[in-house]
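I opened this notebook to keep track of what I looked up, one topic to an entry. The entries are brief and follow the order in which I worked.

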Amino acid sequence: MTQLLEDCAKRLKLSQLRSHIAELTADQIQFLEQLFTREIEHREATKLNLLLKQAQLPQSGHEPFNWQHVQLAKTLSKEDLWDGQFISEKENLILYGGVGTGKTYLSRCIALNAITKFGHKVRFYTIAGLVNQLIDANQKGQLIKLMNQIDKLDLLILDELGYIPLGKEGAELLFQVISMCYEKRSIIITTNLQFGQWNHVFGNQILTEAVIDRLIHHSHLIIFTGESYRYRNSSIRK
């Protein structure tokens with residue numbers, strides 16, 4: 001009976017209690033087990049809600065992900081994604097395909113799994129949103145604070161690379177983020193552009209090559225070949 005209480009006391013870091021468990025009656029042990037179990041459940045729920053709030057994941061449906069038009073790299077399996085193996089190895093995922101083919105939805109599913117099953121710290125940004133925050137923080141002298149927040153993550157998701165050019169300051173600041181994450185945490189990037197077209201986003205060939213070099217060193221490519229989900233289900237198509 002005392003093993004459960006010992007485990008609870010250990011998780012709650014109650015070292016003094018653990019050394020006096022043998023002095024407790026059966027009723028006292030049962031009461032403390034119930035009390036500590038509820039406390040642990042409350043703390044875990046609070047932690048999960050905080051991680052989900054901090055992740056800022058986009059709202060979406062809850063249907064299972066459809067793998068029909070997705071090509072995984074030979075170095076990667078579905079199980080690796082759901083088990084968070086690439087996060088443990090500090091590897092990156094590059095999700096490439098047309099608009100509306102499920103790249104963002106898959107990244108969200110992976111993030112939810114990483115948070116709820118493994119307690120990973122995740123943050124989702126659109127590329128434009130992060131760059132705007134970086135520029136604003138830099139102008140206000142708060143860039144180090146934002147960088148420190150990103151530095152604490154296990155997984156950084158950068159969505160929609162390729163929709164707008166970043167400008168010189170934005171491109172350089174995003175490069176700083178990617179360099180800081182290199183071999184320290186995982187990045188998921190979703191993009192509708194092939195690597196050869198990324199220069200249109202970063203606006204500098206040398207900077208573009210440096211970004212790609214850091215991202216692909218430890219990475220897996222996932223290709224989306226289907227048509228847009230929104231177009232497929234639109235009233236115009238019907």
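This is a predicted model: local features need pLDDT of at least 70, side-chain atom pairs count only at pLDDT 80 or more; totals for chains, interfaces and linings use all residues.

**Entry on Asp159.** I began with Asp159 and found its place in strand 4, which covers residues 155-161. Asp159 is buried yet has no salt bridge, and I noted that the nearest side chain of opposite charge, Lys103, is 6.9 Å away. Because a salt bridge needs the nitrogen and the carboxyl oxygen within 4 Å, I did not list Asp159 among the paired residues. What I did find is a polar contact of 2.8 Å between the side chains of Asp159 and Thr104. Leaving aside neighbours within four places in sequence, I listed Thr104, Phe124, Tyr125, Thr126, Ile127 and Thr190 as the residues in contact with Asp159.

**Entry on salt bridges.** How many salt bridges does the count come to? I recorded six, and looked up several of them in turn.

The side chains of Glu44 and Arg11 meet at 2.2 Å, N to O, and this pair links distant parts of the chain, with Glu44 in helix 3 (residues 26-55) and Arg11 in helix 1 (residues 2-11), 33 residues apart. Glu44 counts as partly exposed at 42% relative accessibility, whereas Arg11 counts as exposed at 52%.

Asp136 and Lys140 form another salt bridge, at 3.3 Å, N to O; here Asp136 is partly exposed at 34% relative accessibility and Lys140 is exposed at 54%.

For Asp151 and Arg185 I noted closest N and O atoms 2.8 Å apart, with Asp151 in helix 8 and Arg185 in the loop between helix 9 and strand 5, 34 residues apart. Asp151 counts as partly exposed at 28%, while Arg185 is buried with a relative accessible area of 3%. I also found that Asp151, Lys184 and Arg185 are linked in a network of salt bridges.

My search of the whole structure found one cavity of 30 Å³ or more, and the largest cavity has a volume of about 60 Å³. Arg185 turned up again here, in a lining that also includes Lys90, Cys181, Glu183 and His218. Helix 9 (167-181) and helix 11 (205-216) are the elements that give two or more residues to this lining.

I then turned to the second largest pocket, which holds about 270 Å³ of space. Its lining includes Gln54, Tyr125, Gln133 and Leu153, and strand 3 (122-126) and helix 8 (143-151) each supply at least two of the lining residues.

Technical notes: Residues are numbered from 1 along each chain as its sequence is written. Side-chain values use heavy atoms; hydrogens and water are left out. Helices (H or I, at least four residues) and strands (E, at least two) are DSSP runs, numbered from the N terminus. Buried means under 20% relative accessible area, exposed over 50%, partly exposed in between (1.4 Å probe, protein chains only). Lys and Arg count as positive and Asp and Glu as negative; His and the chain ends are not counted. A polar contact is a pair of N or O atoms within 3.5 Å; within protein, one must be able to donate a hydrogen and the other to accept it, and residues adjacent in sequence count only if both atoms are side-chain atoms. Contact means heavy atoms within 4.5 Å. On a 1 Å grid over the protein atoms alone, a cavity is a set of points where a 1.4 Å probe fits but cannot get out, and a pocket is an open set with protein on both sides within 12 Å along at least five of seven lines; lining residues have an atom within 4 Å of a point. Grid points are joined across faces, edges and corners, and a volume is the space filled by probe spheres set on the points.
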